[in-house]
Each structure stands twice: as C-alpha cells, then as structure tokens.
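Notebook open, model loaded. I want to jot down what I look up as I go.

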Amino acid sequence: MRIDPQKAESRLAASDMKKILLPIFSVGLMIGLIPFISNDYVLSGLYIAIIGASLYLTYEKRDLVLFALGFFVMLFSEYLFISTGVETFERNSLLSIMPLWLPFLWGYGFIAIRRLIRVIEKYGN
C-alpha cells in the first residue's frame, strides 16, 4: 500500500493545528472569563478544569514540569512587580496582592507558548 505524501502531510498539519488551536482557545476562554466571574476561587477552579481538559486531550512530555515552572516563576515575578509598585491588582485573593487564578493562567501560558514555538519551528523553514 502506497501512502500519498500530500495526504500524510495534511494529516500531520491537522494534528499540529489541534496542538495550536486548543491552547489558543483555552487561553482565550480563560481570559474571557475574567470579567464575568468575580469570585477568584470559582474562577481558579474553572481554570484548573480547563487546563486539565486541555492536557487530557493534548498532553505532551514534560507539560506538567513546564506548567509548574510557569506557575512558580511568574508567581515570584508578579510578586516582585507588585511589591515594587510596577503592577497593581484590584483582585488580591492570593498573598493579599494578586488574583488566585493568575499563576494558573501563566502556567498554562507557558505550555501554549512552547507548543506554538514548536509548530513555528517545524513549518518556518
């Protein structure tokens, strides 16, 4: 049986599109929910559900490590920005200075960025 290279490439492109579109949709949904859900605990729970579903559908090796890196590095960075007055938040449910949901958004953002970079590198040449 002979495989048509164009069909194989289009299947690969479809899987790459899934890798790109799901994180973009997920991050867009997460950001879009912010003005509509004022309870940071509920919003954080929704973020955890969205991230969990997204990782369930498109888990890649080391996603959880990257998520943890984004979560903790940006938690520390945001803390520095806020403590020096560079940034301020009206919602301060985490450490009394920032929204509880923010590190979850950053953590998943790191995963989304890595996936976008991989696809760009693959097709960019």
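**Surface, then salt bridges**

I started at Val86, which is exposed, with a relative accessible area of 61%. I found Val86 in the loop between helix H3 (63-83) and H4.

**Confidence check**

This is a predicted model, so I looked at the scores before going further. The protein chain averages a pLDDT of 88, and 90% of the residues score at least 70.

**Salt bridges**

I got a count of 6 salt bridges. One of them pairs Asp40 with Arg91, with 2.8 Å between the closest N and O atoms. Asp40 sits in helix H2 and Arg91 in the loop between H3 and H4, so this pair ties together parts that are 51 residues apart in sequence. Are the two partners buried or exposed? Asp40 counts as buried at 7% relative accessibility, whereas Arg91 counts as partly exposed at 22%.

Next I went to Glu60, which forms a salt bridge with Arg114, the closest N and O atoms being 3.7 Å apart. Glu60 lies in the loop between H2 and H3 and Arg114 in helix H4, so the bridge links parts that are 54 residues apart in sequence. I noted both Glu60 and Arg114 as buried.

Glu60 also forms a salt bridge with Arg118, and here the closest N and O atoms are 2.7 Å apart. Arg118 is in helix H4 too, so with Glu60 in the H2-H3 loop the pair ties together parts that are 58 residues apart in sequence. For the accessibilities I wrote down 11% for Glu60, which is buried, and 43% for Arg118, which is partly exposed. Which residues do the shared partners join into one network? They are Glu60, Asp63, Arg114, Arg115 and Arg118.

**Helix H4**

Last stop was H4 itself, residues 102-123. I get 22 residues and a reach of 32 Å from the first C-alpha to the last, close to the 32 Å expected at 1.5 Å a residue. Its buried residues include Leu102, Pro103, Phe104, Tyr108, Ile111 and Val119. Arg114 and Arg115 are on that buried list as well, and both belong to the Glu60 network.

Note on methods. Residues numbered from 1 in each chain as written. Predicted model: local features only at pLDDT ≥ 70, side-chain atom pairs only at ≥ 80, totals over all residues. Heavy atoms only, no water. Helix = DSSP H or I, 4+ residues; strand = E, 2+ residues; numbered from the N terminus. Expected span 1.5 Å × (residues − 1). Buried < 20%, exposed > 50% of the residue type's maximum accessible area, 1.4 Å probe, protein only. pLDDT = per-residue confidence, 0-100. Salt bridge = Lys/Arg side-chain N within 4 Å of Asp/Glu carboxyl O.
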